[in-house]
Structures are given as structure tokens and as C-alpha cells.
Amino acid sequence: MTGVWALLGALAVAGAIGVLLKVREGRISRRDDSSTADLPAPVRELLAPGVTLVQLSTTFCAPCRHAKVVLRDLADRTEGLTHAELDITNLPDVAARLGVMRTPTTLALTADGTEVLRVGGVPKRDALLAALRPHLVPPSGG
Amino acid sequence: MPKDSPVDPRGPRFSAWMTTVVLAIVLLTGWWRLLAAQTVLFAMCAFISLKLNPWGHVYRFAIQPRLTPTTEREEAAPLRFAQGVGFVFALIGTLGYATGLTTLGMVATGLALVAALLNAALGLCLGCEAYLLLRRYAPALARPQ
């Protein structure tokens with residue numbers, strides 16, 4: 001009988017985690033304490049003019065591939081937006097300094113390294129573009 | 001260690017459903033020998049090759065021919081890592097049941113079931129997403145293969 005309860009408990013936990021992760025997937029957050037000084041060197045090297053989407057991935061991360069497809073397509077179609085991927089499988093100190101717990105996590109950084117926002121999980125294209133819009137240089141004539 | 005080639009992502013999902021069923025049977029019956037067998041299976045997939053997974057063969061011969069072909073491929077590294085995480089929980093569960101620590105056995109099996117079910121139903125790999133966390137708090141477990 002205990003086994004039945006254990007099974008029901010496990011199913012409930014799985015359901016709760018599933019709902020939580022689906023809700024949080026692609027959620028955009030902003031950090032108030034972001035300082036350009038403590039940006040790790042491997043990240044700083046990726047910065048391009050305009051806004052750079054630095055996608056942090058690991059070898060063991062299947063959704064990172066989906067995130068890459070979304071972000072690369074968005075960057076290709078958006079002026080002033082660059083996509084770069086950083087594999088942090090062997091760079092745990094970079095993850096720790098950035099406060100990143102899961103992959104993919106994507107940081108939107110300006111050319112001077114200021115963090116505009118970050119996205120956990122596979123980003124939702126339209127929501128991300130809308131959030132980035134104020135930070136992008138408006139296209140000429142627009 | 002041989003490197004596995006990328007796989008049709010629906011294979012591991014099918015395999016995760018089968019794992020969920022096996023773990024549910026273990027929870028319901030407390031049949032620890034079945035959990036021991038599952039532990040060995042996890043170990044073979046994680047440490048030797050995903051090709052040793054019998055559910056993968058069932059998928060290829062019985063299910064894949066009935067589905068529309070897909071060009072989508074999933075890298076083997078996350079899958080093998082997930083099998084490794086499963087191995088740890090299944091091993092703790094087996095030891096728990098076998099030594100009379102039934103509660104420990106149930107908790108470990110239950111956690112493995114949660115992970116397998118999330119993988120099967122939603123394609124979520126908890127161990128893979130939380131790789132960075134695992135690496136920080138359990139460096140030996142998360143050592144890259």
C-alpha cells in the first residue's frame with residue numbers, strides 16, 4: 001500500500017516540476033545588480049557592437065540546440081543583434097560568477113558589457129524581440 | 001569510450017516511457033531485483049553505449065518504421081549523461097530495498113521515476129538542465145565523460 005502512495009507522490013512531484021518548468025521556460029528577467037566590471041573574460045570576448053545574445057550551453061544540454069536555432073534566426077533578421085554561443089561545460093566558475101544555474105541561459109549584453117536582460121530556457125522569439133527592442137538601434141527610416 | 005552517433009529523439013522518449021513503467025512496478029511491488037536490472041541497464045547505457053539499450057532496439061524495429069521519418073537528431077552526450085543520473089538513483093534505490101531500508105529505496109526510486117516521467121512526457125532532462133548545479137555541488141558525479 002505504501003508503494004501506491006509513493007507512486008502517487010512521485011507522479012504529483014513530476015507534475016508540479018513539469019508545470020513549473022513550462023511556466024518558467026523562456027522567461028525574461030532583469031538584474032538590478034549587474035556590473036560590467038565582473039563580466040568573465042570568455043563572455044567579454046564575444047561582445048559585438050549593438051546587442052549580443054550570449055547563449056550559455058553545455059555538452060549535456062539538449063534544449064540548447066533549440067535555443068541556438070531560435071536565437072541565430074532572430075539575430076540574422078535583426079539589425080544590431082548578434083548571437084554567440086559559449087560552452088561552459090568546463091567553465092563552472094563562469095557560470096558561478098554570472099549566477100547561472102541551468103542551460104540554456106541567454107544573456108543580452110550591450111557592447112560595453114552591460115546586461116540588458118537574461119532568458120532561462122529556450123527563448124520565445126517574439127517576447128524576446130519585444131524586450132530587446134528599446135535597446136536596439138532603430139533601423140534607418142524606421 | 002566509444003562515442004555514440006546522434007539519435008532520433010523519439011527513441012529516447014519511448015525508452016523513458018518504458019523506464020517509467022519499470023520504476024512504477026518497482027514502487028508498487030518493492031521487487032528490488034527488477035530495480036537492480038534497471039540499474040545495470042542504466043550503467044550500460046551511461047558508461048558503455050546507448051546501443052545496448054534494448055528499448056532502443058524495440059523502437060527501431062517495431063515503432064520507428066510506423067512513424068513518419070524525421071531528420072531531427074539529438075546528440076548522444078545529454079542522453080548518456082541522463083542515464084548516468086538515473087544510474088545513481090537506481091543504485092541507491094536497489095541498495096535501500098535490498099538492505100531493508102525500504103523508505104530510502106522508495107524515495108530514490110520515486111526520484112528516478114520523476115526524472116524518467118518528465119523526460120518521457122515533456123522531453124525534459126532534469127539532470128542535463130541542472131548540469132551546472134550538479135557540477136558545483138557534486139563535482140565527481142558531473143565529471144564530463
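Predicted model: local features only at pLDDT ≥ 70, side-chain atom pairs only at ≥ 80, totals over all residues.
Residues are numbered from 1 along each chain as its sequence is written, with chains lettered from A in the order in which they are written. Local features need pLDDT of at least 70, side-chain atom pairs count only at pLDDT 80 or more, and totals for chains, interfaces and linings use all residues, while side-chain values use heavy atoms, leaving out hydrogens and water.

Let us start at the surface. A nonpolar patch there is formed by A:Met1, A:Val4, A:Trp5, A:Leu8, A:Leu11 and B:Leu28, which together have about 630 Å² of accessible area. Such a patch joins nonpolar side chains (Val, Leu, Ile, Met, Phe, Trp, Tyr) within 5 Å, from residues with over 30% relative accessible area and no salt bridge (a side-chain nitrogen of Lys or Arg within 4 Å of a carboxyl oxygen of Asp or Glu). Areas come from the Shrake-Rupley method with a 1.4 Å probe. Helix H1 (residues 2-24) of chain A gives the largest share of the patch, 4 residues; a helix is a DSSP run (H or I) of at least four residues. A:Met1 lies in the segment before H1 of chain A and is exposed (over 50% relative accessible area), at 71%.

Now to the cysteines. The whole structure holds 1 disulfide over all chains, a disulfide being a pair of cysteine sulfur atoms within 2.5 Å. A:Cys61 and A:Cys64 are the partners, 1.9 Å from S to S. Their link is right-handed, with 95° about the S-S bond. Both A:Cys61 and A:Cys64 are buried, meaning under 20% relative accessible area. B:Cys45 is buried at 0%, and its sulfur is too far for a bond because the closest cysteine sulfur, in B:Cys125, is 14 Å away.

Methods:
Patch = residues over 30% accessible without salt bridge, like charges linked within 9 Å, V, L, I, M, F, W, Y side chains within 5 Å. Helix = DSSP H or I, 4+ residues; strand = E, 2+ residues; numbered from the N terminus. Buried < 20%, exposed > 50% of the residue type's maximum accessible area, 1.4 Å probe, protein only.
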